[in-house]
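Trainee: Hi! Could you walk me through this model?
Mentor: Happy to, let's have a look.
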Amino acid sequence: MKILLIQPAKPILHKQDGSREGRQAMFPLGLLYIAAAAERAGHVVEVLDVPTEGFATEEFLEELPHGTLMRIGLPMPEVGRRIAAAQPDVVGISCLLSTSADEALKCAAAAKQVAPSIPVVLGGAHPSALPAEMLGDRSVDYVVIGEGEETFVQLLQCLGDGRVPRALDGIGYREQGQPVVRPKTRWIDDLDALAWPARHLVDLRRYVDNYYKFRAQFEYGHTRSMEWGMYTSMLASRGCPYDCSFCAKNVVWGRRYRTRSVASVVDEMEFLVKRHGVKEIHFEDENWAGNPEHAKQICREILRRGLDVAWALPNGITLHTMSEELLRLMRQAGAYSLTLSLESASPRICKRFIHKPIDKDKAVRMIGVIRELGFELFVGFMIGFPGETLAEIQETIRWAESLDVENFGFAIATPLPGTQLLDLCEHEGLLVAGFDRRRLRFSVGNIQTDQFTPALLERLRREEYLRIHRQRAARDACDAATTCLPTTP
Ligand code: B12
Ligand code: SF4
């Protein structure tokens, strides 16, 4: 069969306070894993990366209470033309982020406009958390829930045979007009057996070009720096051994943390360097060093093979599994950038929502080592959990201020579909009026308590960040002036 896989456009918010959500070079790693599995099963696959191909096109979408929503990507009429030109037997659409759900549905509608008989399949974190809701849209025929390689290939088999996919694990479909959801219970044990992402289906250069053209608008986040040239992303593991209440990882990867073999990970890295001329790799694992021994072995294997490639951990590694030995090995093996998620300074909030210990002394020590080794570092904090007091929020802000870290951010806790946090907020009636889990925004508050309103969190997030940076700049200027004063009269 001929399969067309689509990454939908990315909406970004231009906020009333003058800030805007950043652009990101969104490498469609999940779609390319799905593409590789379909190719291996004998299908012909084409990929349409709407945001990447139309990165320069920004269109007005709608006015929201917080600002103006803009859309980055190929205009919809062009998407329609491209679907028609591809003449697909099946269209698959990736919807990783809840903010992309509307755009994913527009692509589904465009496919149905081309030919109502084309089966449309949705996958990714958002539809995996809300399969029945997504099937409520008549343009969506199937939802593949979570890790999708095996289920998608089995679904194609069913479609080819004209069977209803009743026996599949982790699938949503419609029967007699009603959504039917078969929850996901099986996860892939042998990650080495998976075909590597079908990167030959996209133009790798485009992602780097977009970064260079628009780097001033890039958010200091995931794809914050791609300074080394040809870039791609990959995975060394799936899932995470922890269980933070705000995290959507269980929806996609289940509860079991799985790693690829060290040889398979470094084989893929070597292939990317030799075959695609890749200079920089971003590991998009939820928690790359969930098993620190596995992480050290990857570093040692990179060193043993003398592989010359820069790599980054934009999602970071947890403080809990971090050690000086691991950091030194990572740096020697080419790692240059990482994120450290410290989340909250309040032990009570860590215990209740983050479910992993945050040792403040260790944080200071590790940041010292990270700086000494010359890593680029981003530290993430979170504010706005249910029951969090203003004093606790201030404690986190003061902690960020006290650390020797230039790049940091305060994220507002967001009740994502499929998380314990959303269940709790629903149960305790803490969601703001008009909250719609199908149309979430991340840079604005969605939780309201007797301690804070979304507006207060948004103000604190932005103003405290700016205040800390202004104070530091003033202090540095003052230090520089003092240093220049003549020491003798
Ligand atoms: C890279 C990334 C991004 C990129 C965008 C990536 C993209 N291509 O669109 C950027 C930097 C933009 C981003 C931003 C954010 N992200 Co993010 N991100 C990721 C991350 C780390 C990796 C994605 C990836 O490549 N995964 C690897 C591939 C193999 O997995 P996958 O894409 O999920 O694909 C598999 C399945 O989902 C499925 N599948 C996927 N697509 C399809 C399509 C079809 C047809 C089928 C059949 C199957 C299928 O099969 C694939 C293979 O098994 C994931 C976590 C993770 N490790 O997955 C979070 C994740 C997707 N992000 C998440 C979040 C919360 C965010 C942020 C809100 C973080 C923040 N606080 O700012 C922001 C949102 C910003 C905004 N304003 O919209 C959540 C999503 C929750 C949600 N419901 O939206 C995730 C799951 C992290 C988590 N554990 O909570 N993110
Ligand atoms: S450590 Fe990170 S990936 Fe793991 S559960 Fe917590 S937020 Fe999710």
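Trainee: Which residues touch the most other members of the largest nonpolar core?
Mentor: Leu5, Ala35 and Ile93 do, in a core of 129 residues. A core here is a set of buried Ala, Val, Leu, Ile, Met, Phe, Trp, Tyr and Cys residues joined through C-beta atoms within 7 Å, buried meaning 20 or more other C-beta atoms within 10 Å of a residue's own, with C-beta atoms placed from the backbone.
Trainee: And which helix gives the most to this core?
Mentor: Helix α1 (residues 29-40), with eight residues; helices are DSSP runs of H or I, at least four residues, and strands are runs of E, at least two, numbered from the N terminus.
Trainee: Where does the core lie relative to the domains?
Mentor: Domain 1 (2-182) and domain 2 (220-482) both contribute residues, so the core lies between them. The domain bounds come from an automatic or database assignment.
Trainee: Before I go on, what should I know about the model and numbering?
Mentor: The model is predicted: local features need pLDDT of at least 70 and side-chain atom pairs count only at pLDDT 80 or more, while totals for chains, interfaces and linings use all residues. Residues are numbered from 1 along each chain as its sequence is written, with chains lettered from A and ligands numbered from 1 in the order written.
Trainee: New topic: what's the strand order in the open sheet of six strands?
Mentor: β11-β14-β15-β16-β17-β18, with parallel pairing; two strands pair if DSSP finds at least two bridges between them.
Trainee: Which strands stand at the edges?
Mentor: β11 (231-234) and β18 (408-412), each with a single partner, so one side of each lacks a neighbour in the sheet.
Trainee: How many bridges join β15 and β16?
Mentor: Four, between residues 310-317 and 335-343, and Ala312 stands opposite Ser337 in β16.

How values were computed: A residue is buried if 20 or more other C-beta atoms lie within 10 Å of its own, exposed if 12 or fewer, and partly exposed in between; C-beta atoms are placed from the backbone.
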